[in-house]
Amino acid sequence: MRVDPAWQEAMSREGRCNPLPRKTQPRDWLLVTTTDPEPGLTVAEIVSAVCEQYDLHALDLLSRRRTRAVMLPRQLTMYLAKELTLKSYPEIARAMGGRDHTTVMHAHKKVAQLLANGDNELKSNTDFLRTKLEEGVGR
């Protein structure tokens, strides 16, 4: 097992007789310092792209407003976040203004259903955004 250099430095400074606080025990420290950030898209990048496409402000998209002009782009954002990232429903819900994870599940199901039923405008917007976001990852 490889020991993280930051942990070795901390141990040499602190010494073994002066233990580190509970939250920085070796096992936890190794997990935090050796885990790479998740590659790829973030929910914030998806929010930004959808806002640009639908001419909305991010605050509108993350608000509690339920008008159709805001609701469909919000649902599309949640759908794309689930499709294009490795985030879980609860993680996406937190990123979308602290919503419940079932809201994200409903949004994903709703957009998938609209796409399956042949909503051509939504399909073209989804395809455009997906392409734009996927190309942005390869920059």
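Me: What makes Lys123 and Asp127 about one turn of the helix apart?
Reply: Both residues lie in helix α8, and they are four residues apart. A helix here is a DSSP run of H or I with at least four residues, while a strand is a run of E with at least two, numbered from the N terminus. Please keep in mind that this is a predicted model: local features need pLDDT of at least 70, side-chain atom pairs count only at pLDDT 80 or more, and totals for chains, interfaces and linings use all residues. Residues are numbered from 1 along each chain as its sequence is written, and side-chain values use heavy atoms, with hydrogens and water left out.

Me: Why is the contact of Lys123 with Asp127 called a salt bridge?
Reply: The term asks for a side-chain nitrogen of Lys or Arg within 4 Å of a carboxyl oxygen of Asp or Glu. The closest N and O atoms of Lys123 and Asp127 are 3.0 Å apart, so the pair qualifies.

Me: Are these two residues buried, exposed or partly exposed?
Reply: Buried means under 20% relative accessible area, exposed over 50%, and partly exposed in between (1.4 Å probe, protein chains only). Lys123 has 39% and Asp127 has 35%, so both count as partly exposed.

Me: How many salt bridges does the whole structure have, and which pair links distant parts of the chain?
Reply: The search finds three. In one of them, the side chains of Glu52 and Lys132 meet at 3.0 Å, N to O. Glu52 belongs to helix α3 (residues 43-54) and Lys132 to helix α8 (residues 120-137), 80 residues apart. Glu52 is called exposed because its relative accessible area is 58%, whereas Lys132, at 30%, is partly exposed.

Me: What makes Asp60 buried while its partner Arg65 is partly exposed?
Reply: Asp60 has a relative accessible area of 18%, so it falls on the buried side of the cut-off. Arg65, with 42%, lies in the partly exposed range. The closest N and O atoms of this salt bridge are 3.0 Å apart.

Me: How do you know that the charge of Lys82 sits over the ring of Tyr89?
Reply: The rule wants NZ of Lys or CZ of Arg within 6 Å of the ring centre and within 35 degrees of the ring normal. The charged end of Lys82 is 4.6 Å from the centre of the Tyr89 ring, and the pair is listed as sitting over it.

Me: Why is Thr77 called buried, and what does its side chain meet?
Reply: Thr77, in helix α5 (residues 68-84), has 0% relative accessibility and therefore counts as buried. A polar atom of its side chain lies 2.8 Å from the backbone oxygen of Pro73. Not counting residues up to four places away in sequence, Thr77 touches Ile46, Val47, Val50, Leu61 and Met96, where contact means heavy atoms within 4.5 Å.

Me: And Ile92: what puts this residue among the buried ones?
Reply: Its relative accessibility is 0%, so Ile92 counts as buried too. Ile92 lies in helix α6 (residues 89-95), and among the residues it touches are Met78, Ala81 and Val104.

Me: How many helices and strands does the chain have, and what share of its residues is buried?
Reply: The chain has eight helices and zero strands. Of its 139 residues, 33% count as buried.

Key: Polar contact = N/O pair within 3.5 Å; in protein donor to acceptor, adjacent residues only side chain to side chain.
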